[in-house]
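Let's take a walk through this one together. Have the sequence and the model side by side, and we'll begin at a helix end.

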Amino acid sequence: MKLIFVRHGQTYANERAALDTIIPGAALTELGWTQANAVVADLLDYEPDAIWRSDTLRTEQTATPLATRLGLEPHVRAGLREISAGDLEGSTDEAAMAEYIATMRAWIDGKLDLRLGGGDSGQETLQRCDAVIREVEQSGAHRPVIFAHAAIITFWLGMRASGITDQMRALPLHNTGIAVVEGSLATGYRAQRWMHIYKP
């Protein structure tokens, strides 16, 4: 199975560099809508046969152009939500963002019992995302597009995908950035794409 992950388009929270992880979350900016429409052409090259998204407003809006083009109804799952910021929610200062990113990296390094901002642990976050991916695998789709969020995509790939290069790790997943993996939870996934970096 090939999983095509897409980060949502730019939101008003992104404009302010604010941690925004609650529901429904911020809406797309005008630029965000432009990005959501523009990414469709790239996604169509994968011949997607299903769409999944988190239950936030920004993934709903970002998925709309592709869903309309394909005539598909997205599957909505809370397990694809962004990593909860806990008591860091809404913060715009650099220290809060650094703590958020450092905790996620610590999870990838195996410290899954840590809790981010007094909220969810890495293990809890991984389990709820795995549950959705398992459902996607069992759905019968072959090339699903999954609209989600930068940190949860980065974390899940960091835990479940091999073949991630240093170049990939150094490049943040920008708005409507694409990450592609192929495989299964049982056999393991392998990274094929991160943003503009292809690794067949």
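H4 is followed by Gly110, whose phi is positive, near 110°. Before going further, a word on the source: this is a predicted model, in which local features need pLDDT of at least 70 and side-chain atom pairs count only at pLDDT 80 or more, while totals for chains, interfaces and linings use all residues. Residues are numbered from 1 along each chain as its sequence is written, and side-chain values use heavy atoms, with hydrogens and water left out.

## Helix H4

H4 covers residues 94-108, and its 15 residues reach 21 Å from first C-alpha to last, close to the 21 Å expected at 1.5 Å a residue (the expected span is 1.5 Å times one less than the number of residues). Helices here are DSSP runs of H or I with at least four residues, strands are runs of E with at least two, and both are numbered from the N terminus. At the start of H4, a side-chain oxygen of Asp93 comes within 3.3 Å of the backbone nitrogen of Ala95.

Which residues of H4 are buried? They are Ala96, Tyr100, Thr103, Met104, Ala106 and Trp107, where buried means under 20% relative accessible area, exposed means over 50%, and partly exposed is in between (1.4 Å probe, protein chains only). Seen down the axis of H4, these buried residues fall within an arc of 160°, so they line one face of the helix; the arc is that of the directions from the helix axis to the C-beta atoms. An α-helix has 3.6 residues a turn, so residues three or four places apart point the same way. Helices H5 (122-138) and H6 (150-160) are included in what covers the buried residues of H4. On the face turned away from the buried side sit the exposed residues Glu94, Ala95 and Arg105.

## Three loop residues

Ser54 is in the loop between strand E2 (50-53) and helix H3 (57-70), and its relative accessibility of 0% makes it count as buried. Its side chain makes polar contacts with the side chains of Thr56 at 3.0 Å and His149 at 2.8 Å. A polar contact is a pair of N or O atoms within 3.5 Å; within protein, one must be able to donate a hydrogen and the other to accept it, and residues adjacent in sequence count only if both atoms are side-chain atoms. Leaving out residues up to four places away in sequence, Ser54 touches several others, including Val76, Leu80 and Phe147 (contact means heavy atoms within 4.5 Å).

Gln10, in the loop between strand E1 (2-7) and helix H1 (12-15), also counts as buried, at 15% relative accessibility. The side chains of Gln10 and Thr29 make a polar contact of 2.6 Å. Ala17 lies in the loop between H1 and helix H2 (30-44) and counts as partly exposed, at 43%. Ala17 and Ser91 are 74 residues apart in sequence, but their C-alpha atoms are 8.3 Å apart in space. Beyond four places in sequence, Ala17 touches Ser91, Thr92 and Met97.

## The whole chain

Stepping back, the protein has 7 helices and 8 strands. With 200 residues, a compact globule would have a radius of gyration near 16 Å, and the protein's 16 Å agrees; the radius is taken over C-alpha atoms, and the globule rule is 2.2 Å times the number of residues to the power 0.38. Buried residues make up 52% of the 200. Among contacts between residues at least 6 apart in sequence, 71% join residues at least 24 apart.
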